[in-house]
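Colleague: I have some questions about how features in this model get their labels. Please show it first.

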Amino acid sequence: MTDNVQSVGLPDERPPANTVGPIAWLRNNLFNSWYNAILTVLVLGLLASAIPPFANWLLIRAHGFDATSTVCRQDAGGACWGFISEKLRFIMFGMFPWDEQWRPLVTIGVFIALLVASCDRRFWKPWFGLVWAAGLALVAILMWGGVFGLTYVENTLWGGLPLTIILSVIGLAVAFPVSILLALGRRSNMPAVKVLCVTYIELIRGVPLISLLFMASVMLPLFLPNGVSIDKLLRAQIAFIMFAAAYMAEAIRGGLQAIPKGQYEAADGLGLGYWQKMRKIILPQALAVAIPPLVNTFISFFKDTSLVIIIGLYDLLGTAKAALSDPSWRGFYREAYLFIGVIYWIFCFSMSKYSQKLERDLNRGHRR
Amino acid sequence: MATETRTTQGAPPPGGISFSLSDPTFRAIVYQILVVGAVVLVGWFLISNTLDNLARRSIATGYDFLGREAAFGIGESLIDYSPKDSYGRAFLVGVLNTLKVSIIGVLLATIIGTVIGVARLSSNWLIAKLASTYVEIIRNIPPLLQLFFWYALVSDGLPPVRQALNPIPGVFLSQRGLRVPTPAPDPVWANMGIALLVAIVAAWGVSRWARARQARTGQPFPAGWTGLGLIVGLPVLTWLAGGAPLAMDVPKLTGFNFTGGAAISPEFFAILTGLTLYTAAFIAEVVRSGIKAVNWGQTEAARALGLPGSPTLRLVILPQALRVIVPPLTSQYLNLTKNSSLALAIGYPDLVSIANTTLNQTGQAIEGVTMIMGTYLVISLSISIFMNWYNKRIALVER
């Protein structure tokens, strides 16, 4: 009686062509309703009209890295990459002495190595602070020189990418401890301390960075005793530190607020004093929560260093603009801005991707 | 001993404060006196240095210079201004220019940001990818670089005035910016403005009445459509009643520049475009996270209750999304306003740029910087107060 029962299964029927494969993907993702179909066609038309001229300018009709400005001006339909190769070292290193420009190059390398290493959570140990200190000392030796047979270079000659990185990284490093104190002060029970910290944070966050840079460049000399003067770079650095401290304090306050009250009470119950409680119980947890917003603060801070051009320093944007003022290369702003835009973008985009990854990793522990 | 002092913590002995450092109340007072004392000392040190330096350089302090003749021209102004006017009036011109670019920028950035934020959530793969590409590119490039790019695009990339591009009849694009025709002066335009105001008040009244009636009788009234009809219809009717004037003031090339019509300067174009596109990328993220924060179950529950599509969005999704959106949106508005100070770098006469000229001419550095900071603080505080009020209105009423 087993004749009626088929013991071997039929080969699987292939699914209909319109439910799997590229056609189904198109149907589901581009043409799933009449208005999406219209939008898709419109966007495709837009892309078709925008991409070929751009590709044409960027690559096909572009002049190579050996082109001179006269050649480029004769045929203006393509990008002139000769501008970049001609001005590359000026844009990257500013007015640093030509023969010594390996020093800022190594500086950039040191900073990138430090930043990349800092992304690895295995290095989040106290001894890594010493590595940073050693790295910064190495940077100072490389940039200033004057020891180990390196010629002395005044910091008025610094410029380009090293200046951008120095302003943002040093600003962050100095502002970080200040911002912890500000955040703790804002959460303090002592009214006078609280009022002072809230006033400082809200005052700085309420005004644009430009006004702080102005204050540093025109008012700081008036604040100092007669005969004492500080140079332009240090003044800008002070403005950045004041600015960063207020914004980072708010990021850290967010972390402090995320710590449940029980943690404070448990620390009190163990008989810990205020500083012991903060250092051993509260801050390690609060800072871990605050790291993603701190990275975001650092990204906007990195972009904001471009404002030093207003008080006459030559960071990456400043050198690019100065390169454009060379009469024989005037008008090649598209190439210049595209080039430094890509540099800024690589830094900021990788940092924002890292902060997103970190946020996911750190949340993993809280999700049950 | 140590344990003994700790056990007395938190409970001051009866009879007031003991003057010992192990009493937390007394200790807090000592700390605060120390901190305030240190701040006062540093402040006194800075102020005495400043006064000393000012006396040495014989700079008079005070705001008397605001009444003096400014003697510099300003490219664009919302009020009458000539170099013969005072520094005070020049500063007012700057404040108005800052407000102009901030208000228009906030409106445009909100619209563009909302569209892009919704587009990132679109079921259309191409549109979602395009929107996220836009956000990722714009957010990670310094706004100042973007401003320089837009400014160079207009002042370097466009032809000189005599070879101005003329894409639509009457509209001219050149290095001097955009020139568009404006309606010729006619009393009807003022009347249309009045009609618009009347219509807005009437629409508000209708919506209040409709809400009260629905609460009383349960019958809905299409208040939205009525309001729209009033706001569009009343000015159009006024225009028709005024004889429907069509005469336009078309810009003409005379000599080296255009006359007639309205102009958008390259500086204004650059700062507005740069700020709007930059802030829109951030607003898009705010809008996207706000919409994603509303659980899909809310939509399903609304459907189950029988609400159709539009009321679902208006009465269920948006009120909850706005609660998430408004606080970060406020800080984006504040950022845009503060970033408008970048105008200085491309020569748009905002308040920072005019204060900068003033302090260079008069040497009144402290007064100039305090005026910039004071004005921005007032603007920032006003925006936060307004947005906090709005936030409170839409916040969750917990029972």
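Modeller: One definition to start. A crossing is right-handed if the near helix is turned clockwise from the far one by less than a right angle, and left-handed if anticlockwise. By that convention, α3(B) crosses α8(B) in a right-handed way. Bear in mind that the model is predicted.

Colleague: Why are α3(B) and α8(B) called oblique to each other?

Modeller: Helix α3 (residues 87–120) of chain B and helix α8 (residues 266–293) of chain B pack at about 40°. Roughly parallel requires under 35 degrees, and roughly perpendicular runs from 65 to 115. The pair is therefore oblique. Their axes lie 6 Å apart.

Colleague: What makes up the contact of α3(B) with α8(B), by residue class?

Modeller: That contact has 15 nonpolar residues, seven polar and three charged.

Colleague: How do you know which residues of chain B are in contact with chain A?

Modeller: The test is C-beta atoms, placed from the backbone, within 7 Å. By it, 46 residues of chain B contact 43 residues of chain A. Elements giving two or more residues to the chain B side include α2 (24–56), α12 (351–362) and α13 (365–394) of chain B. The largest share, 13 residues, is from α2(B). By class, the chain B side has 31 nonpolar, nine polar and six charged residues.

Colleague: What is listed for residues 161–355 of chain A?

Modeller: UniProt, in an unreviewed entry, lists "domain: ABC transmembrane type-1" there. In the model, residues 161–355 of chain A are 79% helix and 0% strand. The end C-alpha atoms of that stretch are 22 Å apart.

Note on methods:
Residues numbered from 1 in each chain as written. Chains lettered and ligands numbered in written order. Predicted model: local features only at pLDDT ≥ 70, side-chain atom pairs only at ≥ 80, totals over all residues. UniProt positions renumbered as here; feature names shortened; annotations may be inferred. Helix = DSSP H or I, 4+ residues; strand = E, 2+ residues; numbered from the N terminus. Contact = placed C-beta atoms within 7 Å. Nonpolar A, V, L, I, M, F, W, Y, C, P; charged D, E, K, R; others polar. Axes fitted to C-alpha atoms, helices over the stretch in contact; angles between N-to-C directions. Parallel < 35°, antiparallel > 145°, perpendicular 65-115°, else oblique.
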